[in-house]
Amino acid sequence: MKECPICFEGDQDGDQFGCLEVCRHEFHLNCIREWHKYSIDLKCPICRTESSHLNVGDGQHAVSVDLEMGFMIKHALEHAEARTTGGEEGEEEEQEEQEEEEEGEMGTLSEMLQDGLVIDAIKVIQCGICGDTDAARLNLYCQDCGAIYHETCLRGLACEVGERNAWHECTECRSHQLLELRMGCVSEDQVTSYDSRDYMIFAGEVRDKHSVQTEQMYDRIRHAKHSIQTHVRRALDQYPLALPRDTYKNINQHVSRKLYRFSDNKYLPNQHDYDSLARTAVHAEFFPHYHVDI
Amino acid sequence: MPTALKKQKPYILSISDTCMSRITKEYRLIRKTLASDDPTVNPYRGIIDLLNPIDETDLSKWEATIRGPEHTPYEHYQFRMLIDVPNSYPMAPPKIMFERDAILHCNVKSATGEVCLDILKLQDWTPVWDILHCVHAVWRLLREPVCESPLDVDMGNIIRCGDTRAYHGIVKYFLAERERNNQN
């Protein structure tokens with residue numbers, strides 16, 4: 001009986017085996033992909049031969065998974081995360097309070113995803129099945145683990161395993177909470193310009209075309225958030241009541257988020273009057289029943 | 001939009017499960033291997049005397065006793081090691097420590113028992129190795145010290161000079177002293 005050398009289990013649960021392209025060593029698909037989250041290269045755990053592809057299935061259902069792409073994206077994400085968290089720590093020492101307030105604006109990548117800023121992050125994420133990064137066609141995401149898919153890939157996979165109607169399930173965490181992914185403020189041509197060629201340049205080198213783009217993107221978002229918050233702070237400072245610090249903080253965070261969403265995470269002072277928007281929104285925070293449309 | 005995207009990465013939970021099932025399997029395998037008299041099944045006879053979880057209900061803390069390899073100054077002595085299995089095992093390597101002040105070796109920090117062995121480092125570890133392999137690797141380290149990456153620089157220098165007699169002498173003296181202290 002086949003046994004996966006990573007988890008020491010056979011295939012009793014119907015776990016799929018994948019085989020590394022060069023050395024033909026076999027592992028559970030989940031195990032080897034889990035290992036690549038930890039490993040520093042794409043070498044085989046048994047013989048240390050490097051393989052860039054993993055073959056899954058046989059015959060006409062065979063799929064070749066591009067490991068390199070996922071691996072580079074992992075690095076890109078780690079880099080981005082290290083950058084954002086690293087910046088925060090520096091602030092922390094200088095001005096603790098300020099940092100606490102600002103925590104909501106520019107947190108880690110996962111917080112950004114949570115905050116509706118998924119739009120830009122999508123560019124560095126690939127389809128969980130085919131590994132393709134053509135973000136324009138990626139249209140489903142898993143609410144539980146954040147994995148992203150092509151609907152066609154999910155349907156295709158379901159047909160392959162013979163459960164035509166069970167396609168609406170995340171292959172990473174088995175959740176059924178797959179939601180439609182909207183591209184938000186990013187226009188279609190902008191998205192498709194981030195094709196795989198950008199990542200290929202990226203290989204091995206941290207500072208390159210792509211990560212510079214990522215950095216610029218973060219700077220842009222950070223700048224937009226900062227500018228909007230200035231308006232909110234001004235509105236709060238001018239509010240006729242003296243506010244306790246906690247309230248100030250909560251309202252600041254809440255209103256700022258509302259405004260980011262309202263203006264698509266961009267700072268557009270020519271289109272919106274942020275001062276009056278902030279004032280109305282702050283007012284609405286104190287009088288929730290007094291309906292203000294923002 | 002995706003306010004429900006959870007902060008916590010889901011695989012942290014699942015890896016714990018994998019860790020548990022894998023370590024249970026390993027435990028069963030280790031018991032079977034070490035109990036066997038057949039040298040093809042159990043090549044560790046006379047090498048690993050004991051390899052057990054300290055407490056049967058907690059498989060993350062293990063202890064091991066190895067016998068000093070023949071033709072080395074460690075011969076005839078036993079060395080106890082403590083093994084810590086992290087939550088992310090087998091993706092991350094187990095941590096192996098000797099007991100404090102129990103051994104003198106160029107790749108061991110005697111005061112803490114810390115072992116410097118490449119395969120126990122994150123960058124060289126692979127998940128196909130198991131605890132038994134690791135313990136065996138530490139035993140082999142006693143036989144073949146690596147003076148290129150010493151934790152005990154003095155001992156490393158003695159070996160690098162090629163003065164094996166001095167090395168053996170110091171180790172033997174240290175171990176005899178250890179034995180005397182234990183008896184008192």
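Biologist: Which residue of β2(A) stands opposite A:Phe17?

Modeller: A:Phe17 stands opposite A:His28 in β2(A). This is a predicted model, in which local features need pLDDT of at least 70 and side-chain atom pairs count only at pLDDT 80 or more, while totals for chains, interfaces and linings use all residues. Residues are numbered from 1 along each chain as its sequence is written, and chains are lettered from A and ligands numbered from 1 in the order in which they are written.

Biologist: What makes β1 (residues 17-20) and β2 of chain A a pair?

Modeller: Strands pair if DSSP finds at least two bridges between them, and β1(A) and β2(A) are joined in the antiparallel sense over three bridges, so they pair. Strands themselves are DSSP runs of E with at least two residues, and helices are runs of H or I with at least four, numbered from the N terminus; chain A comes to eleven helices and seven strands.

Biologist: Why do β2 and β4 of chain A stand at the edges of their sheet?

Modeller: The four strands form an open sheet in the order β2-β1-β3-β4 (chain A), with antiparallel pairing. Because β2 (26-28) and β4 (63-66) of chain A each have a single partner strand, one side of each is left without a neighbour in the sheet. Neighbouring strands here are turned by 35 degrees against each other on average, direction ignored. Helix α1 (residues 29-38) of chain A packs on this sheet and touches β1, β2 and β3 (53-56) of chain A, with a direction at about 90 degrees to that of β2(A).

Biologist: Why are α10 and α11 of chain A called oblique to each other?

Modeller: The axes of α10 (residues 245-262) and α11 (residues 274-286) of chain A come within 10 Å and cross at roughly 130 degrees. Angles under 35 degrees count as roughly parallel, over 145 as roughly antiparallel and 65 to 115 as roughly perpendicular, and the rest are oblique, so α10(A) is oblique to α11(A). The contact (C-beta atoms, placed from the backbone, within 7 Å) involves A:Ile251, A:His254, A:Val255, A:Lys258 and A:Leu259 of α10(A), together with A:Tyr274, A:Leu277, A:Ala278, A:Ala281, A:Val282 and A:Glu285 of α11(A).

Biologist: What makes B:His76 count as exposed?

Modeller: B:His76 has 10 C-beta neighbours inside 10 Å, so the residue counts as exposed. B:His76 lies in the loop between β2 and β3 of chain B, and has a positive phi of about 75 degrees without being a glycine.

Conventions:
Axes are lines fitted to C-alpha atoms, for helices over the stretch in contact, and angles run from 0 to 180 degrees between N-to-C directions. Two residues are in contact if their C-beta atoms, placed from the backbone, lie within 7 Å. A residue is buried if 20 or more other C-beta atoms lie within 10 Å of its own, exposed if 12 or fewer, and partly exposed in between; C-beta atoms are placed from the backbone.
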